[in-house]
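Trainee: Before we discuss the assignments, may I see the sequence and the structure?

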Amino acid sequence: MNVFLKIEGLTVEYRSGNRHVHAVNDLDLQLGEGEVLGFVGETGAGKTTTALSILRILPNPPAKVLGGKVIFKDQDIIQLSDREMRAIRGEEIAMIFQDPMTSLDPVKTVGDQICEMILLHRNCSKKEAWEMAGDMLETVGIDRGRAGDYPHQFSGGMKQRVVIAIALSCKPSLLIADEPTTALDVTIQAQILELMKELKKKYQSSMIMITHDLGIVAEICDNVAIMYAGGVLEYGSVMDIYKDPRHPYTRALFDSIPDVHRDQARLKVISGLPPDPTDIPSGCPFHPRCPHCTERCKTEKPEVVHLNETHWARCFLAQEEGRYEHE
Amino acid sequence: MNQKKEKRYSLTRETFTRLMKNRLAMFGLFILCVLVITAIFADQIAPYSYDQMDLLNAYKAPCKGHIFGTDEFGRDIFSRVVYGSRISLKVGFIAVSIAVVAGGLLGAVAGYYGGWTDNLIMRAMDVIMSIPATLLAISIAAALGAGLTNLMIATGIASIPTYARIVRASVLGIKEQEFVEAARAVGTRDFTILCKHILPNCLAPIIVQATLGVAFAILTAAGLSFIGLGIEPPTPEWGAMLSNARSYIRDYSYMCLFPGLAIALTIFSLNVLGDGLRDALDPKLRQ
């Protein structure tokens, strides 16, 4: 598989007053063509920040990219000029936002909003763009006659379909979906996921799926990156991660999914709180909450341990198979 | 429903359709149209010239020949009110246009870019705001000299900070919304985002403030005319007529009544129209 997005040592910081919030720390990742990568992690793990830095739309100030490279199709996005970047946004990389209720402009018709994207990146007349917008609406399962309607006339699920239509209207090679179904109820979630899977196949684009729902990951992703405190703790194919999780954090995540078949009075949770991003623990960032923490974990940052071609984890114990079992 | 699928309504047209349903707003629009027509056809409507004096018929109460009565020089008040609509409406609308365009632009840029740009613009606005609006208009009019154009410029400049503040506040709220981020994510330029996404979303407060602003501009202009920095007599201007007539209010109250009524009616119609427009422009209230 061709690697077409590669992130190396990405570090992003938010500054507010004297506080420095370390949102993304030295993050490495890669994404192959046509691949679907899932970003999984708790709130505040830096998933969205990473996605926004790929598009370079971090709010600046307060956010600042301190270092690292984001190599997309052989060019470093961080170094591009604003003009070159604008050509990439939407055309090459498109994004689906979390909340469809707020990601559409309330005073413009949905057709106009799709047209805007098309007119920005395609050389065509307003009329042709309007036609294409109608086609896009049909692709996502909305009657083309509704192009002249305003966003408030649509339901949440329909709005998310419109957002997807906008994102796909220029056939981007990379689609970033930032928790696209979090704001929707479960049945609509299933429909939207189905739609995204279908369209992904149709347009053959790669995708980054940001979520904290492991079920969605299993359904749609090829590979998974488990994020914690602004870095990736474990990376592997869905099979690797679900069958053989090696990092204690990944295991803890799976353990906290409630089991319908067992009579559980309380949810199993990961003890402690996610680390304060202004003060990330030394050594392994997960060590204060890790049940298998050793002295070494407190001081030394674990290096990547390769388990097979695609599967790696940042844990000293990753190699020691069977060291800990599901309790 | 079927028709809707066939046709695409433009924003303007849809707004107007909704406005039509609001009776009070339509009444305001009607009055405003009457005033505009009066201003345009003043020569045909007014029975006398505005400066035609007739000392024998001075201080006449409303009667058949002079339906609004006559003033201290025997000039027909009705004709003067009719001609006065020209000046007052012109001053009101042009002064507000100056203020909305300049203030809106400054406020939008300040709100959108933030940082030192914001500081620079808004501190300048604070300086202007620290001077009472009427006093500022007086000083600008004094510096530029008396006359209609200078009067409009002075009134316009004096109300720039109000619009800058309103627009900035709305922009600050709207630029944080996700659809702005989404627009940036598809590669739209800053300027396009500002003009096509942010400004249309803060139209409602601007329109309401502008309609109220016309009233303020008419009153400020009247005040300036009163102290001799605005319209020179004998040119009729409602505010000037009002200030002039105030010395006769005990004995000849109709001299104040009609210009005052004209101002009140104009301002009332502008206010109800502004309110109606705000409702009509809000897409969330659209059916």
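Mentor: The largest nonpolar core has 162 residues, and A:Ile176 and A:Met209 have the most contacts inside it. The largest share of this core, 15 residues, comes from helix H5 (residues 77-113) of chain B. This is a predicted model, in which local features need pLDDT of at least 70 and side-chain atom pairs count only at pLDDT 80 or more, while totals for chains, interfaces and linings use all residues. Residues are numbered from 1 along each chain as its sequence is written, and chains are lettered from A in the order in which they are written.

Trainee: What makes a set of residues a nonpolar core?

Mentor: Its members are buried Ala, Val, Leu, Ile, Met, Phe, Trp, Tyr and Cys residues joined through C-beta atoms within 7 Å. Buried means that 20 or more other C-beta atoms lie within 10 Å of the residue's own, with C-beta atoms placed from the backbone.

Trainee: With which residues is A:Ile176 in contact, leaving aside its neighbours within four places in sequence?

Mentor: They are A:Ala51, A:Ile54, A:Leu55, A:Ile93, A:Met95 and A:Ile208. Contact is assigned because the C-beta atoms, placed from the backbone, lie within 7 Å.

Trainee: Why are strands E1 and E4 of chain A said to pair?

Mentor: Pairing requires at least two bridges found by DSSP. Strand E1 (residues 3-16) and strand E4 (residues 63-72) of chain A have 8 bridges, in the antiparallel sense, and therefore qualify as a pair. Strands here are DSSP runs (E, at least two residues), and helices are runs of H or I with at least four, numbered from the N terminus.

Technical notes
Buried ≥ 20, exposed ≤ 12 C-beta atoms within 10 Å, placed from the backbone. Contact = placed C-beta atoms within 7 Å.
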